Amino acid sequence: MAALVLIAINETGYNRSTQALEQIDDYSRTRNAVNRLLQHVLDAETGSRGYLLTGDPRYLEPYNAAVVEISQNLESLRASYPEEATESATLAQLTRNVQRKLAEMDLSVRMRKQGNEDAWKFVLMTDVGKEHMDAIRDQAGKLIQSATTGMVAAQQQVEQTLILSRVGIGVVALAALTAFYLYLRQSTRLKLAGEQQQRALQQERDLLESQVRERTASLAQLATHLQQVREEERGHLARELHDELGALLTAAKLDVARLKSKLAGQPPEIGQRLQHLTETLNSGIALKRRIIEDLRPSSLANLGLTAALEILAREFSERSGIEIATSLEDVALDDSGQLTVYRLVQESLTNVGKYAEATQIDISVHSYSNHVEVEIKDDGKGFDPQAVRPSTHGLAGMRHRVEAAGGRFAVASQLGAGTRVTAVLPKAPLAIAALT
Ligand SMILES: Nc1ncnc2c1ncn2[C@@H]1O[C@H](COP(=O)(O)OP(=O)(O)OP(=O)(O)O)[C@@H](O)[C@H]1O
Ligand SMILES: [Mg+2]
């Protein structure tokens with residue numbers, strides 16, 4: 001806006017100044033024309049007087065030239081004044097007086113040419129010529145005066161215009177500078193406020209993030225603790241069942257065997273009953289063994305991971321009727337690492353049995369230089385891992401176990417394309433955990 005106002009002021013100033021300068025030019029031209037007219041009238045008078053006094057025709061040359069110039073001068077002066085101007089009346093009077101003066105001089109010169117001495121001397125003697133000349137001077141002076149006044153007024157107008165544009169440009173520039181300063185101040189304030197807000201937000205975000213990290217860490221710790229407690233409880237229960245219930249059942253079996261030998265030759269019904277009792281006790285012992293095995297796989301402690309997994313796979317295959325192919329390498333993992341692998345395979349098999357409707361399962365355990373890779377793959381109906389309900393804990397528990405041991409866990413599955421569960425476990429989780 002300021003720039004537009006500046007342009008407007010500048011343009012107006014320029015227009016007014018050029019108008020005034022043109023006027024000055026006009027006035028100056030008019031003044032010069034009046035001066036020239038006066039000069040030519042004087043030239044004509046000098047020429048005519050010279051001729052009258054000497055009779056020398058050479059004086060007639062400047063006289064005649066001046067007469068021609070005078071009529072041209074009058075013509076151009078008439079053109080330079082508009083009709084309604086007050087100067088037009090003065091110019092008309094001046095023209096009349098000049099024409100009278102010319103007529104008077106022409107008469108004298110003509111009489112001198114004709115040799116009419118008395119007549120031209122008479123004309124010369126009268127005051128008519130002087131009166132005409134005075135009037136011409138007076139009217140030319142008026143015209144010059146009015147042109148000078150016009151010039152002064154136009155000059156004043158130029159000065160006024162210059163002052164006005166100077167003040168206008170100054171004021172507008174000052175206003176623009178002030179507005180720019182205010183804008184800068186405002187934008188700096190806004191920027192500062194924005195930065196402050198950003199900082200506050202960042203602080204809040206950092207705080208929330210650290211809170212979330214803390215909560216996640218404590219939840220992970222709790223989950224690890226619960227898993228340990230669960231394993232310990234299961235171990236404790238398995239030991240109790242083994243020691244107490246096992247002792248009771250074995251004692252009962254021994255008693256039955258002793259009774260059997262003592263009751264030889266008794267009615268066959270008693271023998272049958274005792275046989276039935278022995279079988280019941282045997283199935284009780286087998287059930288106890290199965291429960292203990294499920295609680296705490298003794299095969300894992302006694303035979304090692306590979307054999308324990310073979311047994312787990314074989315029993316699952318017999319129970320479910322799904323074919324299982326195993327490719328198991330001996331791996332050097334500590335007890336908790338072995339238990340992690342065992343539980344991983346166990347939960348994966350349970351899931352396959354519950355959901356997959358598979359016909360074939362592949363279990364592989366491979367040992368690499370510093371990590372172990374476990375994979376359980378089925379050809380069942382698959383699922384969308386992104387859409388698993390949060391209320392289920394099998395996969396989440398597996399992931400937690402593996403990650404707590406410093407490993408990586410992944411589930412790859414697609415509807416209709418089977419499922420693959422993989423885990424990579426470091427061979428020395430403690431050393432790796434210490435490094436990270
Ligand atoms: N092998 C698989 N084939 C098809 N679907 C599977 C398979 N494994 C898991 N799923 C799907 O993933 C879901 C989550 O499994 P997850 O083991 O986490 O929970 P769950 O078995 O339903 O319950 P929980 O294990 O807690 O008793 C299952 O409900 C099932 O829909
Ligand atoms: Mg499950």
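**Exercise 1.** Find which helix gives the most to the shell around ligand 1.

*Solution.* Start with the helices that each supply at least two shell residues: helix 9 (335-356) and helix 10 (394-404). Helices here are DSSP runs (H or I, at least four residues), numbered from the N terminus. Helix 9 gives the most, with six residues. The model is predicted: local features need pLDDT of at least 70, side-chain atom pairs count only at pLDDT 80 or more, and totals for chains, interfaces and linings use all residues. Residues are numbered from 1 along each chain as written, ligands are numbered from 1 in written order, and side-chain values use heavy atoms, without hydrogens and water.

**Exercise 2.** Describe the residues around ligand 1.

*Solution.* Take residues with a heavy atom within 4 Å of the ligand. There are 15, and N351, Y355, D378, H393 and L395 come nearest. Next, sort by class: six are nonpolar, five polar and four charged. Asp, Glu, Lys and Arg count as charged, and Gly is among the polar ones.

**Exercise 3.** List polar contacts of ligand 1 (N or O pairs within 3.5 Å).

*Solution.* Begin with the backbone. A polar backbone atom of H393 is 2.9 Å from a ligand oxygen. For G394, a polar backbone atom is 3.3 Å from an oxygen of ligand 1. Then take the side chain: E347 places a polar atom 3.1 Å from a ligand oxygen. Finish with cover: ligand 1 alone exposes 600 Å², and the protein buries 81% of that. These areas use the Shrake-Rupley method with a 1.4 Å probe.

How values were computed:
Polar contact = N/O pair within 3.5 Å; in protein donor to acceptor, adjacent residues only side chain to side chain.
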